[in-house]
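Reader: Hi! Could you walk me through this one?
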Amino acid sequence: MGSIWTIARHTISESIRSKVALSFIILLGVILLGLPFASKGDNTVSGAVQAFLQYSVTSVVVFLSFLSIFLAKPISDDLSGKQILMLMTKPLGRWHYVLGRWLGIVCLNAMLLSVGGAMIYGLTMYLASKPPMDELDAKRLKTQVLQARHASNVITPSFAAAANAQYQKNVEVGKYSGLEYHNKTAEKERIRTQLRERWRVVWPLEVRVFNFEDVRCDKKPETMIHLRYAHTVSNYPPDEIVKYSWIFGSQEKGTKVYVAPRRDYIDRIHTVSVPADCVAKDNTLRVVFENVNPYIQFGEAQHANTVVFKGADSIQVFFSVGTFGGNLMRALGLVMCKLAFLSAVAVAFTTVFSFPVACLGAFSVLLLASTRSFILDSVSWVPEEGTLGVVQWMLNNMIRIVYFILPDFASFNALELLVDGRNITLMWLLMGIGSLVLIKTSILLLAGCLLFMRREVDEVSF
Amino acid sequence: MAKAALPVVQTVGLSKTFKDFWRRPRVHAVKDLNIDIQPGEVFGLLGPNGSGKSTAIKMLLGLLYPTRGRISVFGRPPTDVAVKQRIGYLPEESYLYRFLDARETLDFYGKLFRQHRQVRRERRDMLLEMVGLQHEAKRRIGEYSKGMARRIGLAQALINDPEFLILDEPTSGLDPIGTRQIKDVIRRLGDMGKTILLSSHLLGDVEDVCDRVCILYGGQVQAEGTVKDLLAQKDMTQITSEKLSPDTIEEIKGVVQRRESKSIEVATPTGRLENLFLKIVEDAQSAKIATSGAAEAGAIPEFLGTATDDGGAVIRSLIEAADRTTPTEPVAMAEKQVDTPKPSQKVLDALTKPTPAESPAEPPTSAPDPSKLPQQGTTQKDPVKANRSVIEGLLDGKDSGDG
């Protein structure tokens, strides 16, 4: 371990003194310091803070990702400049050297990420200290941005039995007779999905009960929970406003009950905040939606509108589980996992290839890892018939094998949650450490060590 | 029966073939090399550029892998990390980190040997003094001259007090005084019992310090033996005397002509430019004339063994010895050459002619014992199988790079 640490410290020292690293660091510092003055968002303080978080974290991720790749250059320099001859004649195993170089890059990344994170935190607090545009802005900043909120999705009924019954009924009426191809399971699933979607449709004067579980918040009246929802309607009224009520709590479970009558614009995200003592002791929450349309006004029925909540996450309950600082740290922790992986890619490639080739390879990995779902979706659409079928089949499987090895960076992207003030869980971070660092990075480093141990470190000139 | 000491280095049938991208054999750099280096020996590896010296050394260090054959260093494979704890290596160029200064460089390599901080600092300071860079210790290596870089390269090779020191062209890029200092250090380390492998194409360097040499050409051993055996000119006699009067010289010539039917050449010897240069620098250092280069070399650090003298004193003694020998340089008496020797033979003769100034430890050459001289017309069995044509080829070489 001593030798590894010696090489790691040497890497840090070398990188700090190299102009490439220094220019990256200075540029990143300038961008971070300049962003608060450039971030306007929607001209509210909360919007400016969100825009700053979005751009600053993205800048840090992009700069440090590039830097992680460039910091592998000393390995290439050691080989081309033959400093490796001096190192490999010392009691230093080749795997010590590879791990030391990687550790040095990771430590430097960790240092820079810490400095970047501290700057982001400080500048966020500076922006947040500016006078808000109005009370809503101040409330939004406090409850929806500088927060670590956990989101609970509404529990949707299974509808399995209903789907079965509906399918049987369809068979009996001969709905599927005469069809060339009919998949029983797929049809049942289609019916089930349809029933679920219908369940999220609330007809006029209808009442829907939405239940939430695992609402582990502090159930004091001074603590607020937030219901966030988005809806659309079957018919657009002229003023684009619908009226309905939300009723929070359950008398059966001994909680407080709060009624929140609303008049909301259609197709927008709305939030209703209520005290947390409406949550039951078993961490369940009952929320009733009452579609009071049509309502009588001036003796006439108004807009008999059906309210539609699209998607499982169209109704969520948010409650605070941590601080913005903790959330930022966990978000940066996930970034660090990606940087550790990228550093391993760069180190492993540089032990085998010249720096330009290694650089190109590492950038390709970064690109592929960042666009995994897009590319996998693309290959799944490639037809596998005709003359090119075999080639397409091979290509598809090759890409799938590559993605079996490569991680999905998007699945560890916490930026959206951070900006939205949503909790980045410790479990997610641990999954990132496990998947990106302990498995994928270890495999890469092992490969890098094995390849470096096999190669001759000197090219002899005659 | 006493058990024979294990050779520090042993190679058996060592071969290295470099291949091209398509794995086709391109160059046979080393062919069937068999060498043993015994503990405490200063072993010279001689050869022109491309003779396979550096390739052989790099295989000994585990930097290149043999195509065929076997290597053991201290009885273990050269890739064994534990073996490297006992080795010091100075490559043909000092491949050091340009952004580090001399202290940081030695500190870094010391850390790789897991030396305690206190030990590391002590050794670092002693080695910097030994190579005369104590006043330039805070300058970046990138700002060093080639000679200064060689000095710090030597210092890093000694940081671990190695049992086995491998020096590849150690005097390359050094000025004469630096060359003399390095050679002196090598000689002193040899005296302290270190095993040294010295690779060079500078014949004078090897001749000055090595106990045994191996001459490589085309990747194969052409000659191997002690320097004395390889260089002995058994068909020549040399008589050295104080200045003689012309009459005496004529009389000697007559005696030789009468008894041996041979002619002799008489010449007044000249001093060596190296000695003159060393003396001038020595005087300048005494006068404390400012210089940005390396300072006078200091003592050999105690951790390397028992140092009985400092390098500067040794150099001074060498210069004094050289000065003393100047008026008494030998009057060479040689057989009259029937044929005009080839140019290469002339160079060979000039280089292999014993010069007292170059070996001050040796007593002045006296008239050889006739009983030990080979008889004319008889052949003496040479203990060393030296291929003279190869040596001539080496001396013809105009290369000054690495082998």
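Author: Happy to. This is a predicted model, where local features need pLDDT of at least 70, side-chain atom pairs count only at pLDDT 80 or more, and totals for chains, interfaces and linings use all residues. Residues are numbered from 1 along each chain as its sequence is written, chains are lettered from A and ligands numbered from 1 in the order in which they are written, and side-chain values use heavy atoms, leaving out hydrogens and water.

Reader: Great. How many residues of chain A are in contact with chain B?

Author: 31 residues of chain A touch 30 of chain B, with contact meaning heavy atoms within 4.5 Å.

Reader: And how many salt bridges are there between chain A and chain B?

Author: There are two, each a side-chain nitrogen of Lys or Arg within 4 Å of a carboxyl oxygen of Asp or Glu. B:K16 and A:E456 form a salt bridge at 2.4 Å, N to O.

Reader: Switching topic: at what angle do helix 2 and helix 6 of chain A cross?

Author: Roughly 15 degrees, with the axes of helix 2 (residues 19-38) and helix 6 of chain A coming within 10 Å. Helix 2 and helix 6 of chain A are therefore roughly parallel, the term for angles under 35 degrees.

Reader: Which residues meet there, helix 2 against helix 6 of chain A?

Author: Among them are A:I25, A:G29 and A:L32 from helix 2 of chain A, and A:L112, A:G116 and A:M119 from helix 6 of chain A. By class, that contact has 11 nonpolar, two polar and no charged residues.

Key: Axes are lines fitted to C-alpha atoms, for helices over the stretch in contact, and angles run from 0 to 180 degrees between N-to-C directions. Helices (H or I, at least four residues) and strands (E, at least two) are DSSP runs, numbered from the N terminus. Angles under 35 degrees count as roughly parallel, over 145 as roughly antiparallel, 65 to 115 as roughly perpendicular and the rest as oblique. Ala, Val, Leu, Ile, Met, Phe, Trp, Tyr, Cys and Pro count as nonpolar, Asp, Glu, Lys and Arg as charged, and the others, Gly among them, as polar.
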